[in-house]
Amino acid sequence: MMKNKKVFFQDWGLVDYQQAWDKQETLFSETVKTKIDNRNRETAYEAAAKNAGTIAYDTIKADETFNYLVFCEHPHVYTLGKSGKPEHLLLDEAGLKEKQAVYYPINRGGDITYHGPGQIVSYPILDLDNFFTDIHLYLRTLEEAVILTLADFGLQAGRYEGYTGVWFDADNDKARKICAMGVRCSRWVTMHGLALNVNTDLSYFKNIVPCGIDDKAVTSMQQELGHEVDINEVKKILKHHISVLFGMEIL
């Protein structure tokens with residue numbers, strides 16, 4: 001089947017985390033269902049051909065799967081991935097209320113992280129059969145898009161061996177993280193994604209052990225550059241680099 005590299009881009013603006021999660025789940029589930037239906041029809045066709053004593057030389061026409069690239073920001077929220085430890089959240093219910101934050105255990109990979117205003121959260125909901133079926137390459141490609149985006153603002157970032165995400169000074173004791181990542185993938189369909197700190201209030205990270213790492217700092221573009229950054233300009237550049245690296249046709 002021909003690969004569909006068309007990607008619907010959506011900017012949801014500032015959106016409640018649960019609402020965004022529900023919308024993601026809907027798009028994700030629709031794509032997974034299409035793939036299951038395609039496979040079931042193909043299996044039935046092959047079985048019918050076998051029963052008839054013929055060979056299924058051709059596969060039946062499959063329905064196209066859709067791809068989405070979502071950008072948004074969230075009100076203050078802490079999320080805990082499947083491999084995370086609840087004790088990495090350092091606030092109780094009263095503390096969360098005081099910080100006007102909420103907390104969700106969710107079904108992505110990774111540990112605990114924070115989302116809030118001034119941070120670009122990107123949710124690629126992609127059928128990787130349309131691109132490449134390699135989850136490690138998928139993560140490294142998202143990281144590369146962030147690294148290139150930061151470079152366009154004069155910031156030299158990179159990777160930290162053994163960890164996901166994007167870092168500064170990963171080779172010394174000044175290591176600090178600017179972009180966290182955590183994804184879910186089922187039948188090569190992805191959801192969740194990355195969070196890039198642009199003008200983020202970094203004090204909220206003091207209430208967690210970020211990504212389960214208790215001896216590394218967290219930073220933002222604003223902190224690294226010494227001034228507030230136009231978040232819409234960052235979105236524009238990040239979208240460009242993601243689309244080029246994946247070979248997307250953005251709609």
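**View 1. Burial in the chain.** Buried residues make up 49% of the 251 residues in this predicted chain. Buried means under 20% relative accessible area, with a 1.4 Å probe and protein chains only. The model is predicted: local features need pLDDT of at least 70, side-chain atom pairs count only at pLDDT 80 or more, and totals for chains, interfaces and linings use all residues. Numbering starts from 1 along each chain as its sequence is written, and side-chain values use heavy atoms, without hydrogens and water.

**View 2. The whole chain.** Five helices and eleven strands are present. Both are DSSP runs numbered from the N terminus: helices are H or I with at least four residues, strands E with at least two. Along the principal axes, the C-alpha atoms fill a box of roughly 70 × 40 × 30 Å. Of the contacts with a separation of 6 or more, 74% link residues 24 or more positions apart. A contact is heavy atoms within 4.5 Å.

**View 3. The open sheet β4-β3-β5.** Three strands line up in that order, with mixed pairing. Strands pair if DSSP finds at least two bridges between them. β4 (102-105) and β5 (112-115) are the edge strands, each pairing on one side only. From one strand to the next, the twist averages 20 degrees. Axes here are lines fitted to C-alpha atoms, and angles run from 0 to 180 degrees between N-to-C directions.

**View 4. The β3 and β5 pair.** Strand β3 (residues 77-80) runs antiparallel to β5, and four bridges join them. T79 has T113 of β5 as its bridge partner.

Note on methods:
Buried means under 20% relative accessible area, exposed over 50%, partly exposed in between (1.4 Å probe, protein chains only).
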